Amino acid sequence: MTTKTGLTHAELKTKQRAIREGFPQTMGLRVHRAISWIGRAETCGTDNDAKFIFLWIAFNAAYADEGEFQTIQPGERAAFADFFGKLIALDEQRRIYGAIWQRFSGPVRLLMENRYVFNPFWQAP
């Protein structure tokens, strides 16, 4: 028996199309990208590693600030903490906590320690 844990790609896309007129252009693009990556994650079947990577990309697409691609933002950690704090506040069933610290704690720690996903690494000459 499969338990539904959230909205599907199709449901998210339908909702996004219904409300996108009220989005600022950059936000609309971020939401579109995030939903597209969620759709890609849904195609992974039982490959949980690939699914996690695509969902992580989707998360970053939603939370990313276009300005960070121009320069290194000194408040990036604060922006991340603020965004994630809002998600946590809305996550009454603690699904995010469970996914990160119970189900994916190893991959999350490896990702956090990987210097190649650290923005200043890519900005250095």
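Helices (H or I, at least four residues) and strands (E, at least two) are DSSP runs, numbered from the N terminus. By that rule, this protein has 7 helices and 0 strands. Along the sequence, the pattern reads α-α-α-α-α-α-α.

The model is predicted: local features need pLDDT of at least 70, side-chain atom pairs count only at pLDDT 80 or more, and totals for chains, interfaces and linings use all residues. Residues are numbered from 1 along each chain as its sequence is written, and side-chain values use heavy atoms, with hydrogens and water left out.

**Whole protein**
- Of the 125 residues, 21% are buried (under 20% relative accessible area; exposed is over 50%, partly exposed lies in between; 1.4 Å probe, protein chains only).
- The accessible surface is about 9,500 Å² (Shrake-Rupley method, 1.4 Å probe; for residues, only the protein chains shown count as cover).
- Carbon and sulfur atoms hold 59% of that surface.
- Among contacts (heavy atoms within 4.5 Å) with a separation of 6 or more, 46% join residues 24 or more positions apart.

**Helix H2**
- H2 covers residues 25-42, which is 18 residues.
- Gly28, Arg30, Ala34, Ile35, Gly39 and Ala41 are buried in H2.
- These buried residues pack against helix H1 (9-19) and H3.

**Helix H3**
- H3 has 16 residues, 48-63.
- From first C-alpha to last, H3 reaches 22 Å, close to the expected 22 Å.
- Its buried residues are Ala50, Phe52, Phe54, Ala58, Phe59, Ala61 and Tyr63.

Notes: The expected span of a helix is 1.5 Å times one less than its number of residues.
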